[in-house]
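Visitor: I would like to know how the labels for a structure like this are decided. Please give me the value and the rule each time.

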Amino acid sequence: MDPVRTTSDSQRSALGAGTLPVVEEVRPGIHAIALDMPGMQPPYAFSYAILAGGDSRAVHVVDAGLDTDANWAAFGEALASLGRAVADVETVTLTHLHFDHTGLANRIREASGARVRMHADEAAAIREGLQFSAGHDVGDMLGEWGVPEQWRDQLLAIANSRADFGATVIIDDELADGDVLDLGDYRAAVIHTPGHTTGHICLALEGANAVFTGDHVLPLINPGVALGGKRTADPLGEYYGSLEKLAPHAEAEALPGHGFRFAPLGSRCAEIREHHEARTRQAAERLSDEPGLTVWQLAGKLSWTGGWENLPIVSRVSALAQTDMHYARVVSTAAARQ
């Protein structure tokens, strides 16, 4: 398969310059609107506005950015530049439950009467308060992971604060794998892609050779796994299965939640899987050398961008959860060989 290539120079240039990309038409009538995520990485999230043609003023939205007054104003201004208003929005489809994708959904719903929808597993996770903790009692897990006492309060505070994000999202319709959504002049097939969260979905646009990938597949970031909803026995294996579910769209362009558009989707799926499998191999090597390592100790011996010592504290809960999953795969693989 061909190497991954950027398909939006303007989006990639903006990311490199640390600015917000301009509103960009990615398919006829489909526009990418970048909404700011101040002080965070990645620095913005995309909301996609799909405009109905003909005499209809209907707008269908995929993902709703971070809930700030500045983003609310920017979203309204973007629609106005396209000849629409927030009041024209008929549906808001959310790829997953994280706050940087659900943020403006309630405001849009209140202003327009739009129906907000996401996968049934995500809706259940919101009701159960599992937006970030992946089904763990994080306080207990920090002990099981061998986290030193001096780090526990900070990490627990981060996990608890993240768990509140998106808790008030009102969901009108719960989606399932295989549903086909009417998006004005387009139809999109719902693909349930558990991994990043348990109810994450991608949306494949019929006849447009494009897929809204949310945070399931991103151009530069290797998405974290099991970061929302009830954690399953093998989150990484489940994620690999979800990457494979996109095989029918291997040649498609990805319309991601962050970063910039890229293609072919299948090549990036292969890169991400190899990244995770390489980390599992690295974990196996470290555990072979030192079988008694805790998850905390193992995390400090794995390769992270910038190094474990420089990993921001806000990223360490996720990094520990990822390490735990790789640890579990090493153990299960070793047991299967015996």
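Visitor: Why does Glu253 count as buried?
Guide: Buried means under 20% relative accessible area, exposed means over 50%, and partly exposed lies in between (1.4 Å probe, protein chains only). Glu253 has 8% relative accessibility, so Glu253 counts as buried. This is a predicted model, in which local features need pLDDT of at least 70 and side-chain atom pairs count only at pLDDT 80 or more, while totals for chains, interfaces and linings use all residues. Residues are numbered from 1 along each chain as its sequence is written, and side-chain values use heavy atoms, with hydrogens and water left out.

Visitor: What makes the contact between Arg27 and Glu253 a salt bridge?
Guide: A salt bridge is a side-chain nitrogen of Lys or Arg within 4 Å of a carboxyl oxygen of Asp or Glu. For Arg27 and Glu253 the N to O distance is 2.6 Å, and the pair is a salt bridge. It links distant parts of the chain, with Arg27 in strand 2 (residues 24-27) and Glu253 in strand 13 (residues 253-256), 226 residues apart. Helices (H or I, at least four residues) and strands (E, at least two) are DSSP runs, numbered from the N terminus. Arg27 has 18% relative accessibility, so Arg27 is buried too.

Visitor: Which residues form a network with Arg27 and Glu253?
Guide: Salt bridges link Glu24, Arg27, Glu253 and Arg261 in a network. The structure holds 19 salt bridges.

Visitor: How do you know that Asp69 and Arg107 are paired?
Guide: Their closest N and O atoms are 2.9 Å apart, and the two form a salt bridge. Asp69 is in helix 2 (residues 69-81) and Arg107 is in helix 4 (residues 105-112), 38 residues apart. Asp69 is at 58% relative accessibility and therefore counts as exposed. Arg107, at 25%, counts as partly exposed.

Visitor: What about Arg187 and Glu206: which contact do their side chains make?
Guide: Their side chains meet in a salt bridge at 3.3 Å, N to O. Arg187 sits in strand 10 (residues 186-192), and Glu206 is in the loop between strand 11 (201-205) and strand 12 (210-214), 19 residues apart. Arg187 has a relative accessible area of 46%, so Arg187 is partly exposed. Glu206 is at 39% and therefore counts as partly exposed.

Visitor: How do you know that the length of helix 9 agrees with its number of residues?
Guide: The expected span of a helix is 1.5 Å times one less than its number of residues. Helix 9 (residues 265-289) has 25 residues and should therefore span 36 Å; its end C-alpha atoms are 37 Å apart, which agrees. Its buried residues include Cys269, Ile272 and His276.

Visitor: Which residues line the second largest cavity?
Guide: Among them are Pro194, Gly195, Ala226 and Lys230.

Visitor: Which residues lie closest to the centre of the largest pocket?
Guide: The largest pocket holds about 1400 Å³ of space. Of its 45 lining residues, Gln41, Pro42, Ile221, Asn222 and Ser315 are the closest to its centre. Helix 11 gives the most to this lining, with five residues.

Technical notes: On a 1 Å grid over the protein atoms alone, a cavity is a set of points where a 1.4 Å probe fits but cannot get out, and a pocket is an open set with protein on both sides within 12 Å along at least five of seven lines; lining residues have an atom within 4 Å of a point. Grid points are joined across faces, edges and corners, and a volume is the space filled by probe spheres set on the points.
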